[in-house]
Amino acid sequence: MAEEVKLFGTWGSPFSRRVEIALELKGVPFEYIEENVSDHKLKSPLLLKYNPIHKKVPVLLHNGKPILESLIILEYIDETWKQNPILPQDPHERALARFWAKFIDDKVNPPVWRALLGSGDEREKAMEEVKEGLETLERVLNGKKFFGGETIGMLDIAANFIAFWLRVVQEFSGLEFLTPDKCPALTKWCDEFVSCDVVKEHLPPREKLIAFTKNWLSGNGWTD
Amino acid sequence: MAEVKLHGFWPSPFSHRVIWALKIKGVDYEYVEEDLSNKSELLLKYNPVYKKIPVLVHGGKPIAESLIILEYIEETWPHNPLLPSDPYDKAMARFWIQFGVDKGPIFLKLLHSTGGEDQENAAKDFLEVLKIIEEKALGDKKFFGGDTINLVDIAYGNLAYWFKNLEEVLSIKLLEPSTLPRLSQWAQNFLEVPVIKETIPDHDKLLAYIRRVRKKIVAEQLNK
């Protein structure tokens, strides 16, 4: 059966990369379309057609139908391609995976950027929020290799931001969000995650990400 | 069958969502009213991350966050389905539910608005949101779920009664047949659904509660 799977994404976005990882994990071939997200005028007409409400990536196109929002796309992928499931079978475990994925997007991701952009008290407060969030996730991981157990699952994929983006920001800014003494298992998890075959190819080029982020911080927009 | 308990708060629409889903599925549950100014030890134990209601406890295992609870209920008691079975339609339902979440800050701005211009702008922004919901999510359907209500109706349910009460308190008219004919009709139809009709709080009691909430908000703004 011929299936058309296309992904509109952008190289630097953790949300976009999540979808790539899931498709890779399931062995689903797809066509990738890189979108220019810095200039609205340059967004492709197709993207604007498929996501008129938010005009954002990622957008998964399956046989002409668009699916939006990275976590919703992950659930769709899991329901459509049954091999290598990324969500647990048990409803309570599924609820927990969803809860913690949302926690990462709501409570860990935003304060990293606030800490980076802010200064003084605002930065301190944001740092505390990130650290608290990471310590909570350390407890959730509970010494396991991955959040999903022996292999990566949806929560691991959702936590891609921590394994890569957060650590890149940490390295070039000196802001110590994640330390091995407070979060030993999570620190180890980061290394395990980025070395996974299905993840390796779906991380942004490190130097490019640093260059773009530094430039963005100086107010020059998302460019290098 | 394992015991089901719901920790809720009588005026909270998030609490009501869970009640509606449980009743539609015919699930017996014990309701525990929480005093939010004096949260029970159990609530803090069941939801240490957010310390909020609603929390569903099934066989001793807690699930927090109303939308995650709704998905859990749907998966655990699959009869009288509240989500489409087709993965694409399910993804679209989840998209519209998430849209409501994303626009939450606009609603909060309206709830917290003081002074003529502030309130006018907030109302204008919220009306735009409602127009998108009417046009793109509801369309010409009776309910978001089609002929019967589903999780999308449940997620937007607060518009039909809670928001109408807030309009009364703020002396604004947004959800009106003249401005939003289809959404207004939906609200009427929604309130006629037996499960909804039987469970929403008494109009006067809720109105008085919302007035108290507004009074507190306004007093806090004046003290700033």
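How much of the accessible surface of chain B belongs to carbon and sulfur atoms? The accessible surface of this chain comes to about 11,000 Å², and 52% of that area belongs to carbon and sulfur atoms, where accessible areas come from the Shrake-Rupley method with a 1.4 Å probe and, for residues, only the protein chains shown count as cover. This is a predicted model, in which local features need pLDDT of at least 70 and side-chain atom pairs count only at pLDDT 80 or more, while totals for chains, interfaces and linings use all residues. Residues are numbered from 1 along each chain as its sequence is written, chains are lettered from A and ligands numbered from 1 in the order in which they are written, and side-chain values use heavy atoms, with hydrogens and water left out.

The C-alpha trace of chain B spans about 55 × 45 × 30 Å along its principal axes. For 224 residues a compact globule would have a radius of gyration near 17 Å, and the 18 Å of chain B agrees with this; the radius is taken over C-alpha atoms, and the globule rule is 2.2 Å times the number of residues to the power 0.38. Of the 224 residues of chain B, 50% count as buried, a word that here means under 20% relative accessible area, with exposed meaning over 50% and partly exposed lying in between (1.4 Å probe, protein chains only). Among the contacts in chain B with a separation of 6 or more, 67% are accounted for by residues 24 or more positions apart, a contact being heavy atoms within 4.5 Å.

Within chain B, helix α8 (residues 162-170) is mostly covered, since seven of its nine residues are buried. Those buried residues are Trp162(B), Phe163(B), Asn165(B), Leu166(B), Glu167(B), Val169(B) and Leu170(B). What covers them includes α1 (13-24), α5 (104-112), α6 (116-138) and α11 (203-222) of chain B. Just after this helix, Ser171(B) takes a positive phi of about 55°.

Ile21(A) is found in helix α1 (residues 14-26) of chain A, and with 0% relative accessibility Ile21(A) counts as buried. Leaving aside residues up to four places away in sequence, Ile21(A) touches Ile152(A), Ile157(A), Phe193(A), Val198(A), Val199(A) and His202(A). Ile21(A) and Lys200(A) are 179 residues apart in sequence, yet their C-alpha atoms are 9.0 Å apart in space. His54(A), by contrast, lies in the loop between α2 (45-50) and β3 (59-62) of chain A, where it counts as buried at 17% relative accessibility. With residues up to four places away again not counted, His54(A) touches Glu69(A) as well as Phe95(B), Phe99(B) and Asp102(B).

A search of the whole structure finds 26 salt bridges over all chains, each being a side-chain nitrogen of Lys or Arg within 4 Å of a carboxyl oxygen of Asp or Glu. In one of them, Glu31(A) pairs with Lys6(A), with the closest N and O atoms 3.8 Å apart; this pair links distant parts of the chain, as Glu31(A) is in strand β2 (residues 31-34) and Lys6(A) in strand β1 (residues 5-9) of chain A, 25 residues apart. Glu31(A) is partly exposed at 43% relative accessibility, whereas Lys6(A) is buried at 18%.

Another salt bridge joins Asp191(A) to Arg167(A), whose closest N and O atoms are 3.1 Å apart. Asp191(A) lies in helix α8 (residues 184-195) of chain A and Arg167(A) in helix α7 (residues 160-173) of chain A, so the pair ties together parts 24 residues apart in sequence. Here Asp191(A) is partly exposed at 41%, while Arg167(A) counts as buried at 18% relative accessibility.

In chain B, Glu30(B) forms a salt bridge with Lys5(B), the closest N and O atoms being 4.0 Å apart. Glu30(B) lies in strand β2 (residues 30-33) and Lys5(B) in strand β1 (residues 4-8) of chain B, so this pair ties together parts 25 residues apart in sequence. Finally, salt bridges that share partners join Glu75(A), Glu79(A), Arg94(A), Arg98(A), Glu71(B), Glu75(B), Lys90(B) and Arg94(B) into one network.

Notes
Helix = DSSP H or I, 4+ residues; strand = E, 2+ residues; numbered from the N terminus.
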